[in-house]
Amino acid sequence: MPAGSAPHFPVEERVARFRQFYQRANDRPLLGFFVGSDYPLRRYRASGSLSTDRPLAPEDFAVAPYLDDCDRLFGLHEACGGDFIWSASAFWGIPWLEAALGCPIFADHATGSIHARSPARFSGPDSLPAFDPRSSWMRLAGDFLDRLAAHSDGRWPIGTTRMRGIADLLSALYGGTEFILAMLERPGEVKQVCRQLTEFWIAFARFQLARIPLFHGGVGSFYYNLWAPPGTVWHQEDAAALLSPALYDKFIREHDDRIARACDAVIMHQHPTKFVPTDYYLRMPFLALELHVDESGPSAEDLHAAHVKILAHKPLVIWGNLSGRDLDWIFTRLPSAGLAVITVVSSPEHAGGIWSRCFPS
């Protein structure tokens, strides 16, 4: 292996380890690396010229430059070694669902992200379009996937893109916190909106999966770099952090459960901030749960009880810019079975140092 990097395992061996991980039968934690910034506009050079003074349209995204970024990012990832497998998707910096639902989206190079704003005239269920695979945003998503599949030529897996969940979409449509007022003042309306959003979400997931070729019998996972069983979709409900457990249970729970049952497999992403519906998720048929260790949030030691609770029931992915203290805690205090860890690194040498620290023998 290159000097200073982590071990470079054959792809078949990495896939076999992931199969064991999902069965909670791996004999050591899986360890992988995320190279560089996790802000999409800083990560993908192709997005550097996106306009900031108007809403973005599908024609602002020429696919070919993003294919060049994929080659570069794949090379950076492979140079670091480890257990994980770099994955591609339709450019995950685009808030696809929000854009397809009619939200204007704006590039913000200062933050490195593309943000959705509420539509000017959103008025509830009648304002929502039905899923249309021929719409301009879906045609762009399909073009990304078709060209990624051809360009990869079996070098890397492809997964579904970042898909914000029902609470996130309510926040985008109604406004950051206004959706909570709508829940309290117009519960019937919001429940109908949730049902329509869930139909749209599932249709978009299936639209992507139909275009994603299998890679060693499975698929990828956009920026988490996991191999996953065929039909796997990533899900998130970051805006659920703004809800009380009662509001989550009343408005969102049934739709997360429906999504988990509508797809062959679903992995749920979580941030450890405010209210996190982990106890609900453990009762849903998710394939695995992912929990960030955020730089401004609780440490791995602080999250120990949550990690242990998840690992008692489901595979757990821990993602973060992990400190040495975090890594020491995770690799000495948590059980190995069903545990996979991906940490941010700056170079192959950085990755190699982390590997040696976590696996000193």
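Analyst: The model is a predicted one. Its chain contains 13 helices and eight strands.

User: How does the radius of gyration of the chain relate to the globule rule, and what is its value?

Analyst: For 361 residues the globule rule gives 21 Å. The chain comes close to that figure, so it is as compact as a globular protein of that length. The C-alpha atoms fill a box of roughly 60 × 45 × 35 Å along the principal axes. The radius of gyration of the chain is 20 Å.

User: What percentage of the residues in the chain is buried?

Analyst: A residue counts as buried when its relative accessible area is under 20%. The chain exposes about 14300 Å², of which carbon and sulfur atoms supply 50%. Of the 361 residues, the buried share is 58%.

User: Among contacts between residues at least 6 apart in sequence, what percentage joins residues at least 24 apart?

Analyst: Contact here means heavy atoms within 4.5 Å. Counting pairs at least 6 apart in sequence, the share that joins residues at least 24 apart is 75%.

User: How far apart do the centres of the positive and negative side chains lie?

Analyst: The chain carries 34 positive and 40 negative side chains. The centres of these two sets are separated by 3 Å.

User: Which residues of β8 are buried on each of its two faces?

Analyst: In a regular strand, side chains alternate between the two faces of the sheet. Strand β8 spans residues 339-345, and seven of its seven residues are buried. One side holds Leu339, Val341, Thr343 and Val345, while the other holds Ala340, Ile342 and Val344.

User: Which strands pair with β8, and in what sense?

Analyst: Strand β1 (residues 30-35) pairs with β8 over six bridges, and Leu30 stands opposite Ala340. Strand β7 (residues 316-320) pairs with β8 over five bridges, with Ile318 opposite Val341.

User: Is Asp153, with its positive phi, buried or exposed?

Analyst: Asp153 lies in the loop between α5 (136-152) and α6 (166-174). Its phi is near 50°, a positive value in a residue other than glycine. With a relative accessible area of 66%, Asp153 is exposed.

User: Phe222 also has a positive phi; is Phe222 buried or exposed?

Analyst: Phe222 belongs to the loop between α8 (187-209) and β4 (232-236). Its phi is about 30° although Phe222 is not a glycine. At 3% relative accessibility, Phe222 is buried.

User: Leaving aside neighbours within four places in sequence, which residues are in contact with Gly93?

Analyst: Gly93 sits in the loop between α3 (63-80) and α4 (96-100), and its relative accessible area of 6% makes it buried. His292, 199 residues away along the chain, has its C-alpha atom 18 Å from that of Gly93. Beyond its sequence neighbours, Gly93 is in contact with Pro40 and Ile114.

User: Which residues does Ala300 touch, not counting those up to four places away in sequence?

Analyst: Ala300 is located in the loop between β6 (288-293) and α11 (304-311), and at 0% relative accessible area it is buried. Ile158, 142 residues apart from Ala300 in sequence, is 30 Å away from C-alpha to C-alpha. The residues that Ala300 touches are Val293, His307, Asp326, Trp329 and Ile330.

Terms used. Residues numbered from 1 in each chain as written. Predicted model: local features only at pLDDT ≥ 70, side-chain atom pairs only at ≥ 80, totals over all residues. Heavy atoms only, no water. Helix = DSSP H or I, 4+ residues; strand = E, 2+ residues; numbered from the N terminus. Rg over C-alpha atoms; globule rule 2.2 N^0.38 Å. Buried < 20%, exposed > 50% of the residue type's maximum accessible area, 1.4 Å probe, protein only. Areas by Shrake-Rupley, 256 points an atom, 1.4 Å probe, with all protein chains shown as cover. Lys, Arg positive; Asp, Glu negative; His and termini not counted. Charge placed at Lys NZ, Arg CZ, Asp CG, Glu CD. Pairing = 2+ DSSP bridges.
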